[in-house]
Amino acid sequence: MKRDKTTVGRQMIQWAKLHMPVLSQIMSHFSRTKPLRGLQIGAALHVEAKTAVLMKTLIEGGAKVAITGCNPLSTKDEVATALAGEGAQVFAKRGESKQEYYKNLNRVLATKPDILIDDGGDLIVLAHKKPKLITQILGASEETTTGVIRLKAMERDRVLRIPVIAVNDSPGKRYFDNRFGTAESTLQALMSITNTQISGKKVVVIGFGFVGRGIASRARGLGARVVVVESDPVKALEATFEGFEVLPMRNAARVGDIFITATGSYHVIRKEHFRIMKDKAILCNAGHFNVEIDIGGLAQISKKRRKIMEDVEEFTLRNGRRLYLLTEGRLVNLAGRRSLGHPIEIMDLSFSLQALSVEYLAKYGSQMEPGVYNVPPEIDRKVVTLKLKAMGVELEPLTPEQQEYQRSWEMGT
Ligand code: ADE
């Protein structure tokens, strides 16, 4: 049976919605209350099925929506086509050039959005380069660690002109999406692109933040011997107490079969590391931008570079060893043709937080000073509570005596 692109995309969106009970409830609520009536929303997100469910939720809430990708490789074209048929303006296709990527961000901004939703900060930064537009924007929400770091730097330098809700930093996002979501999606992508085994391999995870620790623990669960590379002393000690071997990159480079960067930093794997790696080592990145692996440096010290199959490039060094780079060093869990992004249930949490943060900005954005804000705790609690309910997990209620005990500073014994 041959199905056209729109049908395939629609089916992917329906499948995602089926596994997003919290966002589905918010969608029904938005459909009744129309909290976003009359608003134009501009988004730069990974254009895939879960994101489409978020866009449909906003449309149900009364908004007009324009969306582009936040990475040149992460758009699922079937979803983009289907979403365009469901009332959103979609400016995205997989494999965009850098120029097309920026052209599409500009197209979203040309719709004069009242609220922005960003993943990585590019859309918000670009909006700041348009003096007339930025004064009309009520606020924005930001999905990821890298974006929040950029926005906090803008706040510090006193150039941030709008309120931004850092969805990434809320417990309901970071403890689940960053940690469990990235772990599963990164390993899923690694396995489906390479079809090589994880079990028995030495996997080097660079960075032991929420993302790195999730990947390290799931890779261990699959039978890998995991090495962690970390520059922060507390995180390095945590990794050690978790039972991981902690090594500096110059030592880890010699022993790894698979390298996964998760630092949000710059050139954490460099020429001096490539030179001492084993033949056939695999390199990939789980961070937002493609700057963690020094690809230019790798190309410089290679005598040959060629694409050997979908999403895999081979670099042959002068010493004859071959290194394999996945998805051009872009975030492997979304940039690969067969990469699926985080599991749907995880994005149910993250995108429910996004939907309610947008509703909050619609209500209060005009009264908020420019700055980076946490997700209001009541939103976080609501989303997590709905998720537990949807999963059939019950809490243990505190007795009145326990509540009293917790309030009192006198009852020590
Ligand atoms: N799907 C949509 N957005 C995503 C994100 N930021 N990370 C992983 N999967 C996603």
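Modeller: A salt bridge here is a side-chain nitrogen of Lys or Arg within 4 Å of a carboxyl oxygen of Asp or Glu. This is a predicted model, in which side-chain atom pairs count only at pLDDT 80 or more and local features need pLDDT of at least 70. Side-chain values use heavy atoms, and residues are numbered from 1 along each chain.

Biologist: What makes E86 and R10 a salt bridge?

Modeller: Their side chains meet at 3.7 Å, N to O, and the cut-off is 4 Å. E86 lies in the loop between α4 (77–84) and β3 (89–91) and R10 in helix α1 (residues 5–18), so the pair ties together parts 76 residues apart in sequence. R10, K56 and E86 are linked in a network of salt bridges.

Biologist: How do you know what to call E313 and R305?

Modeller: By the same rule, E313 is buried at 15%, while R305 is partly exposed at 44%. Their side chains form a salt bridge at 2.5 Å, N to O.

Biologist: Why is α2 called roughly parallel to α3?

Modeller: The axes of helix α2 (residues 21–33) and helix α3 (residues 49–60) cross at roughly 20°. Angles under 35 degrees count as roughly parallel, over 145 as roughly antiparallel, 65 to 115 as roughly perpendicular and the rest as oblique. Therefore α2 is roughly parallel to α3.

Notes
Axes fitted to C-alpha atoms, helices over the stretch in contact; angles between N-to-C directions. Helix = DSSP H or I, 4+ residues; strand = E, 2+ residues; numbered from the N terminus. Buried < 20%, exposed > 50% of the residue type's maximum accessible area, 1.4 Å probe, protein only.
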